[in-house]
Amino acid sequence: MRKLIPFILFIFLCTSCVVQNTTPENTVKLNITVTKITEGGVKDIVFHDSGSDYYYINRGLENGLNLDSLNAKVLNKTVTLHLAKLIGGVTSEHISQLALGDEIIYTEFK
């Protein structure tokens with residue numbers, strides 16, 4: 001039983017950090033200037049700002065986005081990100097929506 005409790009706690013913490021079904025109300029809005037766009041993880045698209053921060057679209061390359069077209073559209077421009085909130089109100093680096101001005105480039109909102 002003593003070994004089972006840490007295992008259950010581990011599973012709970014891992015599953016609660018998975019971002020699913022985000023809504024605008026469950027995100028933090030942030031404006032950044034995109035200085036670099038790279039591929040990371042498993043087909044993720046990573047947006048770097050002028051500091052050391054980065055934000056990603058999970059499996060963005062599998063969802064119809066393209067690094068070349070994103071570079072042409074948002075590189076060195078200020079974009080608005082909606083970042084998913086995790087349990088406890090912690091803000092993740094997971095991009096739920098990406099917009100340039102009034103144009104929504106990517107969204108998970110339904």
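Two strands are said to pair if DSSP finds at least two bridges between them. The model discussed here is predicted. Within it, strand E6 (residues 91-100) is joined by bridges to strand E5 and to strand E7.

**Strand E6 and its partners**

- Strand E6 is mostly covered, as 7 of its 10 residues are buried.
- Strand E5 (residues 78-85) and E6 run antiparallel and are joined by 5 bridges.
- His 82 stands opposite Gln 97 of E6.
- Strand E7 (residues 103-107) also runs antiparallel to E6, and 4 bridges join the two.
- Gln 97 stands opposite Thr 107 in E7.

**The two hairpins**

- The hairpin of E5 and E6 has 5 residues between its strands, and Gly 88 in this hairpin takes a positive phi near 80°.
- The hairpin formed by E6 and E7 has 2 residues between the strands.
- Gly 101, in the turn of the E6 and E7 hairpin, has a positive phi of about 65°.

- Ile 95 is found in strand E6.
- The relative accessible area of Ile 95 is 0%, and buried means under 20%, so Ile 95 counts as buried.
- Not counting residues up to four places away in sequence, Ile 95 touches several residues, including Phe 47, Tyr 55, Tyr 56, Ile 57, Leu 81 and Tyr 106.
- His 82, which stands opposite Gln 97, is also among the residues that Ile 95 touches.
- Ile 95 and Ala 84 are 11 residues apart along the chain, and their C-alpha atoms are separated by 6.5 Å.

**Salt bridges**

- Side chains of opposite charge can pair when their charged atoms come close.
- A salt bridge is counted when a side-chain nitrogen of Lys or Arg lies within 4 Å of a carboxyl oxygen of Asp or Glu, and the count comes to 2 salt bridges.
- Arg 59 and Glu 62 form a salt bridge, with 3.3 Å between the closest N and O atoms.
- Glu 62 is partly exposed at 46% relative accessibility, and Arg 59 is partly exposed at 35%.
- Lys 73 and Glu 103 form a salt bridge in which the closest N and O atoms are 2.6 Å apart.
- Because Lys 73 lies in helix H2 (residues 67-74) and Glu 103 in strand E7, this pair ties together parts that are 30 residues apart in sequence.
- Lys 73 is partly exposed, with a relative accessible area of 32%, and Glu 103 is partly exposed, with 38%.

Key. Residues are numbered from 1 along each chain as its sequence is written. This is a predicted model: local features need pLDDT of at least 70, side-chain atom pairs count only at pLDDT 80 or more; totals for chains, interfaces and linings use all residues. Side-chain values use heavy atoms; hydrogens and water are left out. Buried means under 20% relative accessible area, exposed over 50%, partly exposed in between (1.4 Å probe, protein chains only). Contact means heavy atoms within 4.5 Å.
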